[in-house]
Amino acid sequence: MAGKKPRPLVAGNWKMNGLKASKKEAAALLKGVAAANPKCDVMLCPPATILSLFAEVCRSSKVKLAGQDCHANTSGAHTGDLSAEMIKNAGAKACIVGHSERRADHGESSTDVKRKAEAVYRAGMMAIICVGETAEERKDGKTLKVVGQQLKSSLPQGADHKNTVIAYEPVWAIGTGLTPTPVDVKKVHGYLRKRLIALLGEELGGKTRILYGGSVKASNAKELMSVDNVNGALVGGASLKAKDFLGILAAY
Ligand code: PGA
């Protein structure tokens, strides 16, 4: 790939964690980010219930907010769901779609993920589209085939480096403390880069960020983040405490 490397993004996915009192943790993170000024974009993805509260806290900060999921429709009779427009209205600039926990717990297919990503674009936000193989698929040597297929079927028309970020998250590495070796990460990210270039063209495919996610912590961030074509991280557990998250941001 020619040209400048894209600016990295480190996003903290709080999943189903956090109450109003957690704004203290968000404030501590903002303070730490302002002091350290890492050379990457920083994002927090709190649960939707505290998104607007965090938006207040983050107002004059570089830290941006994202939702964790959205419905594909704008509005309507979908009890318990939230549209991309609602997520944006609460203060988000981006939204995760296709996280493996959504794919597994809610049976979301790549077709569903694509419709959600389209909704994210429609609302004027950036989609963080997740792909990743299960332990079983990895054992069967299907990693590249699986992530390539997920990428192709989840990526909407009109995707580019501004409205889209890809997150490679091996399902077996999420919340387990296990991570692929840097050699394995390089292989998958290199493959995703090639596929992105094939789908979006040299320019846009080359500039679209590919994050690594799955048991990223302060002690492994530097090694993982320095792998070719790793343009940041999607962090779960280690993003809940400002101190841990700042330790990861220190990789930049
Ligand atoms: P983890 O989660 O960092 O807790 O492994 C990553 C993710 O699911 O985004």
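Which residues line the largest cavity?

Tutor: This is a predicted model, where local features need pLDDT of at least 70 and side-chain atom pairs pLDDT 80 or more, while totals for chains, interfaces and linings use all residues. Numbering runs from 1 along each chain as its sequence is written, and side-chain values use heavy atoms, without hydrogens or water.

The lining of the largest cavity consists of Gly98, Ser100, Arg103, Cys130, Val131, Gly132, Gln150 and Glu169. (On a 1 Å grid over the protein atoms alone, a 1.4 Å probe fits in a cavity but cannot get out; a pocket is open, with protein on both sides within 12 Å along at least five of seven lines; lining means an atom within 4 Å of a point.) α4 (100-105) and β5 each give two or more residues to that lining. The structure holds one cavity of 30 Å³ or more. By class, two of its lining residues are nonpolar, four polar (Gly included) and two charged (Asp, Glu, Lys, Arg).

Follow β5 (126-131) to α8: this strand is among the elements covering the buried residues of α8. Others include α7 (143-154), β6 (164-168) and α10 (218-225). Those buried residues (under 20% relative accessible area) are Val185, Val188, His189, Leu192, Arg193, Leu196 and Leu200. Seen down the axis of α8, they fall within an arc of 140°, so they line one face. The face turned away from the buried side carries Val183, Lys187, Lys194 and Ala198, which are exposed (over 50%). Gly201 follows α8, with a positive phi near 95°.

Now follow α4 instead. With α5 (110-122), α4 also lines the largest pocket; each supplies at least two residues. That pocket has a volume of about 650 Å³. Its lining has 25 residues, and Gln68, Asp69, Cys70, Arg102 and His106 lie nearest its centre.

Notes: Buried means under 20% relative accessible area, exposed over 50%, partly exposed in between (1.4 Å probe, protein chains only). Helices (H or I, at least four residues) and strands (E, at least two) are DSSP runs, numbered from the N terminus. The arc is that of the directions from the helix axis to the C-beta atoms. Contact means heavy atoms within 4.5 Å. Grid points are joined across faces, edges and corners, and a volume is the space filled by probe spheres set on the points.
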